[in-house]
Amino acid sequence: MNFGKYVFSQVVSVIDPNDFNKCVERYNGNYKVKYFSCWHQLLCMMFGQLSNRESLSDLILCLQTQKSKWYHLGIGTSISKSNLAHANEKRDWRIFADFAYLLIAEARKNILPNEALSVFENNAIYAIDTTTIDLCLDVFWWAKFRKNKAAIKLHTVLDIKTEIPCYMHITDGKVHEVNVLDILEFEANGFYVMDRGFVDYERLYVIHKEQAFFVTRAKTNMKCSRIYSAKVDKTTGVLYDQIIRLTNYYAAIEYPQKLRRVKYFDAETNKKFIFITNNFELSALQVALLYKYRWKIELFFKWIKQHLKVKSFWGHSENAVKVQVYVAIITFVSVALVKQKHKTPLTQYQILQILSLTLLNKNQLNQLFKEALIQYVKESEHNQLNLF
């Protein structure tokens, strides 16, 4: 047994308290605070995310049984349900949002990109999508969605190469997903992959003018005229590769330039897809491949909903909800940094499951990850006799 740091402290060591304190000072977060600081608030919320606590009461109850370890965990000495609830309600959520983006920037520098995307070495690739989280209208009255229903929407931009979210915008359920394009800053030569819910020709033309590229699916009612058709190899699944111009009156005004239209047959799903893009350099197969990688943002939404607390909230105000969502993102990125630091082949899900049961142990993280891998070795090299 190692008598060093607790596992939770080792996880938290990948984030810099000085960077966080700069965010706190920016919004005067510790004004008139004596004991329970914003840093303590962050650590308590991260502990709840990593240990999969169901509610604020559940989190405080667990922490109250471990008072002797509070000092070594770095979470302070004034933890109570009222303190944490008040902090989530009153302290500016932008503290945690700004720190999340600092941590994201660090992760994108350190995490190695997906080798399968090496062909796009000189281009950033982003997926843009939105997920809806249903809420109770009587409790979350500010998050109006429908007449008898409340919800929030998480508008997200995911860096596909590192699988790290680089931007997240939280709104009530009434805001349409396409509106997020109005507040994004587009990176020159970057690819932005979107579903057809984001097809708005005026907004797509803004991306084009920023010298960035988009790949999305064409709407079924899109009207256009074909200018040129390139030769394609239909054995690859590409059915046609065309240069087109929009013919609908308003669409032609909103997007006056040429577009590229690619039709692709996916043998796995037995479906046909029609893509539009403003990039004329990639092969038609690469255009289809880029859109296929859009699925990573769907997996990201599924992952955080299943393994972090972004569906059941520990506070009812808009500020408390945003604090919890951004702490969940901080936790997600911290686990990714832990994975990169220890160079373990375990997935983030496997790491999270190990951490959830060992936060208050004093094992070294690299030892925990090695012991988890031993099981796979035994299973692959077993010497049991065949029954038949």
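1. Glu54 is partly exposed, with a relative accessible area of 48% (buried is under 20% relative accessible area, exposed over 50%, partly exposed in between, with a 1.4 Å probe and protein chains only). The model is a predicted one, in which local features need pLDDT of at least 70 and side-chain atom pairs count only at pLDDT 80 or more, while totals for chains, interfaces and linings use all residues. Residues are numbered from 1 along each chain as its sequence is written, and side-chain values use heavy atoms, with hydrogens and water left out.

2. The partner of Glu54 is Lys309: the two form a salt bridge with the closest N and O atoms 3.1 Å apart (a salt bridge is a side-chain nitrogen of Lys or Arg within 4 Å of a carboxyl oxygen of Asp or Glu). Lys309 lies in the loop between helix H11 (295-307) and H12, and Glu54 in the loop between helix H3 (38-50) and helix H4 (56-64), so the pair ties together parts that are 255 residues apart in sequence. Helices (H or I, at least four residues) and strands (E, at least two) are DSSP runs, numbered from the N terminus. Lys309 is buried, at a relative accessible area of 9%.

3. The salt-bridge count for the model is 13. Among them is Arg294 with Asp129, where the closest N and O atoms are 3.0 Å apart. Arg294 sits in the loop between helix H10 (284-292) and H11, and Asp129 in strand S1 (residues 125-135), so this pair ties together parts that are 165 residues apart in sequence. Arg294 is buried at 6% relative accessibility, and Asp129 is buried with a relative accessible area of 6%.

4. Arg294 also meets Glu298 in a salt bridge (3.3 Å, N to O). Glu298 is partly exposed, at 25% relative accessibility. Through shared partners, Asp129, Arg294 and Glu298 are joined into one network of salt bridges.

5. The largest pocket holds about 710 Å³ of space. On a 1 Å grid over the protein atoms alone, a pocket is an open set of points with protein on both sides within 12 Å along at least five of seven lines, a cavity is a set where a 1.4 Å probe fits but cannot get out, and lining residues have an atom within 4 Å of a point. Grid points are joined across faces, edges and corners, and a volume is the space filled by probe spheres set on the points. Of the 25 lining residues, Thr162, Glu163, Lys339, Thr347 and Gln348 lie nearest the pocket centre. H11, H12 and helix H13 (348-358) each give two or more residues to this lining, and H11 gives the most, with seven.

6. About 410 Å³ of space lies in the second largest pocket. It is lined by 14 residues, with Asp266, Phe273, Ala288, Tyr291 and Lys292 closest to its centre. H10 gives the most to this lining, with five residues.

7. There is one cavity of 30 Å³ or more. Ala100, Tyr101, Ile104, Pro165, Tyr167, Met168, Tyr326 and Ile329 line the largest cavity. Helix H7 (94-110), strand S4 (164-172) and helix H12 (318-342) are the elements that give two or more residues to its lining.

8. Lys258 is found in the loop between helix H9 (249-254) and strand S9 (259-266), and is partly exposed at 38% relative accessibility. Not counting residues up to four places away in sequence, Lys258 touches Ile227, Ile243, Ile244, Arg245 and Phe280 (contact means heavy atoms within 4.5 Å).
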